[in-house]
Amino acid sequence: MTELEKSAQNGQAVGFMLIKSAEKKISVKGSPYLDFVLSDKGGEIPAKMWDYQGSENEYNAGEIIKVKGQIDKWKNASQLRVERIRHTTPADQVDMSTLVATTDLAPEQMLAEIRATVDDFTDEGLKKLVTKLLDNCGDKLLICSAAVRMHHAMRGGLLFHTLSMLRVGKAVCSVYPFLRKELVYAGIIVHDLYKLKEINYAETGLASEYTPVGGLIGHIVGGGFGFRAAAAQSHAVGTGLKHRDVYLGIAKGNGVGLLGAEMGQQGVHGVGLGDVLHAHIAEQGGLTGTAPGAVLHFREGCLRIQI
């Protein structure tokens with residue numbers, strides 16, 4: 001049952017709703033009406049606004065509206081007969097948590113924890129790069145989901161996913177102290193940031209579909225381009241990072257590996273957090289107590305050792 005239905009008084013309801021679908025139709029009497037499906041975090045409800053005189057595209061899927069109307073029963077199911085409707089304004093200060101699934105942690109709190117980790121980096125070049133990549137995201141990072149449907153498809157899901165992975169990465173580094181933890185943390189923090197360009201997001205912060213760039217390039221390789229741009233913008237390469245050595249997850253001398261891509265004869269290839277640990281452990285000659293070349297595989301929270 002929708003929150004709108006729960007708050008109704010004698011069948012009269014007023015509140016903010018998310019449009020799931022909207023279509024202008026003609027009734028059997030020949031008069032125009034709007035046929036909606038509206039939703040909030042409690043569920044969905046069909047709605048109709050009879051004798052509608054507005055334009056066909058005035059109200060569209062993904063928009064948030066304020067409605068007032070009567071909740072009736074039609075074929076044993078609730079239906080909202082809309083009497084008044086309008087678009088929302090910033091003055092409404094709509095609480096999105098009443099409309100869509102949201103994370104339990106406040107976005108500002110999650111971002112603050114991530115930035116605090118970056119601020120503690122001792123590698124100034126790495127700090128500049130990651131800070132620049134976070135800054136480039138803007139306010140979208142506070143609200144957007146992590147995926148269209150596969151995981152953390154909720155408002156604030158991208159931040160929640162990133163912070164959760166960062167906490168796991170810190171736990172892994174405490175078990176394997178020879179890892180260069182700042183590399184691991186940086187790889188985790190930036191590994192999905194390009195999703196903000198890979199995916200189209202609605203006003204609610206939920207993903208709707210992939211962008212042309214997202215469909216053709218994806219967030220892994222696209223993240224590599226974003227990494228190169230941030231390196232140039234932040235002038236981090238001039239602080240000790242060797243541009244030719246910047247390829248994901250491999251620390252060479254003064255070079256630092258991040259979520260990015262290397263341009264070469266093999267083309268562009270993207271590498272993730274697993275490769276950060278993979279390469280770094282290989283550089284150390286394997287895990288303590290195991291044969292040289294042991295590989296630690298770490299993907300989205302899964303950890304296994306391959307000898």
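Visitor: Which backbone oxygen does the side chain of K195 reach?

Guide: A polar contact is a pair of N or O atoms within 3.5 Å; within protein, one must be able to donate a hydrogen and the other to accept it, and residues adjacent in sequence count only if both atoms are side-chain atoms. Here the side chain of K195 reaches the backbone oxygen of A146 at 2.8 Å. This is a predicted model, where local features need pLDDT of at least 70, side-chain atom pairs count only at pLDDT 80 or more, and totals for chains, interfaces and linings use all residues. Residues are numbered from 1 along each chain as its sequence is written, and side-chain values use heavy atoms, with hydrogens and water left out.

Visitor: Is K195 buried or exposed?

Guide: Buried means under 20% relative accessible area, exposed over 50%, partly exposed in between (1.4 Å probe, protein chains only). K195 has a relative accessible area of 7%, so K195 is buried.

Visitor: With which residues is K195 in contact, leaving aside its neighbours within four places in sequence?

Guide: Contact means heavy atoms within 4.5 Å. On that basis K195 touches A146, A147, H151, Y201 and H219.

Visitor: How many strands form the closed barrel?

Guide: Strands of a sheet pair through backbone hydrogen bonds, either parallel or antiparallel. Strands (E, at least two residues) are DSSP runs, numbered from the N terminus, and two of them pair if DSSP finds at least two bridges between them. The barrel has five strands, in the order β1-β2-β3-β5-β4, with mixed pairing. Strands β1 (residues 12-26) and β4 (residues 64-74) run antiparallel and are joined by seven bridges. In β4, I64 is the bridge partner of L18.

Notes
Helices (H or I, at least four residues) and strands (E, at least two) are DSSP runs, numbered from the N terminus.
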